[in-house]
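Trainee: Please take one part of this model, the inside of the fold, and go through it closely. I would like to see how the pieces connect.

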Amino acid sequence: MTTDPTATHRLLLDQLAAFIEESEQILADWDAYSDQHSDLDGWPHDETAYGLRASHRDADTWCSFNRVRHGAKALLATAGAQLHKLPASRVQSRWAWQLSTLDDALDQLAALQEQWLQTREALPPSAVPGTEVYDDALAERNAEAWAYLNEWSLHGQTVLGIHAAAQDEVPSRTTPGVPSRAPAAPVQPSKAPGVRR
């Protein structure tokens with residue numbers, strides 16, 4: 001991973017955006033499955049198959065979030081700092097609450113991960129991925145994590161929204177391919193570079 005803080009933050013934002021998109025698709029697929037495999041009262045036609053499919057949903061959501069999980073605290077810290085610098089006219093009233101919700105969910109995910117690591121250490125040497133005892137313990141971690149992962153799916157866009165608002169407040173800078181807004185010294189006529197938007 002790059003050591004440039006700006007590039008690292010940009011990568012984390014991209015990973016968060018990818019998680020949000022993937023988690024929405026995972027949930028849509030689950031909703032479609034649930035609608036097709038349960039009765040009008042919401043009871044599954046086959047509880048075993050339904051449970052396995054829910055476990056698959058939980059695991060997929062954990063795997064998707066795992067790419068951003070280690071940098072999520074940094075994302076929240078940066079979003080919080082950006083939020084405090086924004087003018088009141090640019091702030092949505094729900095943003096502070098959503099950041100707090102994300103932080104609480106992240107703490108719960110960290111606790112569940114620590115509990116899983118301790119459980120895994122206590123398993124017998126024969127308990128490896130693919131064995132019932134290992135897979136059941138992992139599925140339990142994923143199931144307990146799903147509600148907190150869903151909070152990130154629902155409210156993670158807040159981090160992206162705050163970042164976008166903060167970028168709108170940054171004075172324009174000269175970047176490659178984009179002319180400065182400052183008056184330029186007179187030059188010989190030549191073809192002006194295009195402005196990217």
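**The interior, starting from the cavity**

Mentor: Helix α5 makes the greatest contribution to the lining of the largest cavity, supplying four residues. Keep in mind that this is a predicted model. The search of the whole structure turned up one cavity of 30 Å³ or more, and the space in the largest cavity comes to about 40 Å³. Its lining is made of S23, I26, L27, T61, W146, L149, N150 and S153. Both α1 (5-36) and α5 (132-155) provide at least two of the lining residues. By residue type, the lining has four nonpolar and four polar members and no charged ones.

Stay with α5 for a moment and look at N142, which is found in that helix. N142 is buried because its relative accessible area is 5%, and the cut-off for buried is under 20%. Apart from neighbours within four places in sequence, N142 is in contact with D58, A59 and W62. The C-alpha atoms of N142 and T61 are 8.4 Å from each other, although 81 residues separate the two along the chain. T61 has already come up, as one of the residues lining the largest cavity.

Now turn to the packing of nonpolar side chains. The largest nonpolar core has 29 residues, and the members that touch the most others are L16, F65, L99, W152 and V159. At least two residues of this core come from each of α1, α2, α3, α4, α5 and α6. The greatest contribution is from α4, with seven residues. To see one member in detail, take L16: leaving out residues up to four places away in sequence, L16 touches V68, L75, W152, G156, V159 and L160. There is also a second, separate core of five residues, among them L123, A127, Y134 and A137.

Helix α4 covers residues 95-122, which is 28 residues. From first C-alpha to last, α4 reaches 41 Å, close to the 40 Å expected at 1.5 Å a residue. The buried residues in α4 are W95, Q98, L99, T101, L102, A105, L106, L109, L112, Q113 and W116. These buried residues pack against α2 (47-69), α3 (72-85), α5 and α6 (157-169). L99, one of the buried residues of α4, is also among the core members with the most contacts to other members.

Q15 is found in helix α1. Q15 counts as buried because its relative accessibility is 16%, and buried means under 20%. With neighbours within four places in sequence set aside, Q15 is in contact with R67 and V68. V68 is also on the list of residues that L16 touches.

Finally, α1 takes part in an open space too. The second largest pocket holds about 170 Å³ of space, and its lining consists of T6, H9, R10, L13, Q82, H163 and Q167. Helices α1 and α6 each give at least two residues to that lining, with the largest share, four residues, coming from α1. Sorted by type, the pocket lining has one nonpolar, five polar and one charged residue, whereas the lining of the largest cavity has no charged residues.

Key:
Residues are numbered from 1 along each chain as its sequence is written. This is a predicted model: local features need pLDDT of at least 70, side-chain atom pairs count only at pLDDT 80 or more; totals for chains, interfaces and linings use all residues. Side-chain values use heavy atoms; hydrogens and water are left out. On a 1 Å grid over the protein atoms alone, a cavity is a set of points where a 1.4 Å probe fits but cannot get out, and a pocket is an open set with protein on both sides within 12 Å along at least five of seven lines; lining residues have an atom within 4 Å of a point. Grid points are joined across faces, edges and corners, and a volume is the space filled by probe spheres set on the points. Ala, Val, Leu, Ile, Met, Phe, Trp, Tyr, Cys and Pro count as nonpolar, Asp, Glu, Lys and Arg as charged, and the others, Gly among them, as polar. The expected span of a helix is 1.5 Å times one less than its number of residues. Buried means under 20% relative accessible area, exposed over 50%, partly exposed in between (1.4 Å probe, protein chains only). Contact means heavy atoms within 4.5 Å. A nonpolar core is a set of buried Ala, Val, Leu, Ile, Met, Phe, Trp, Tyr and Cys residues joined through side-chain atoms within 4.5 Å.
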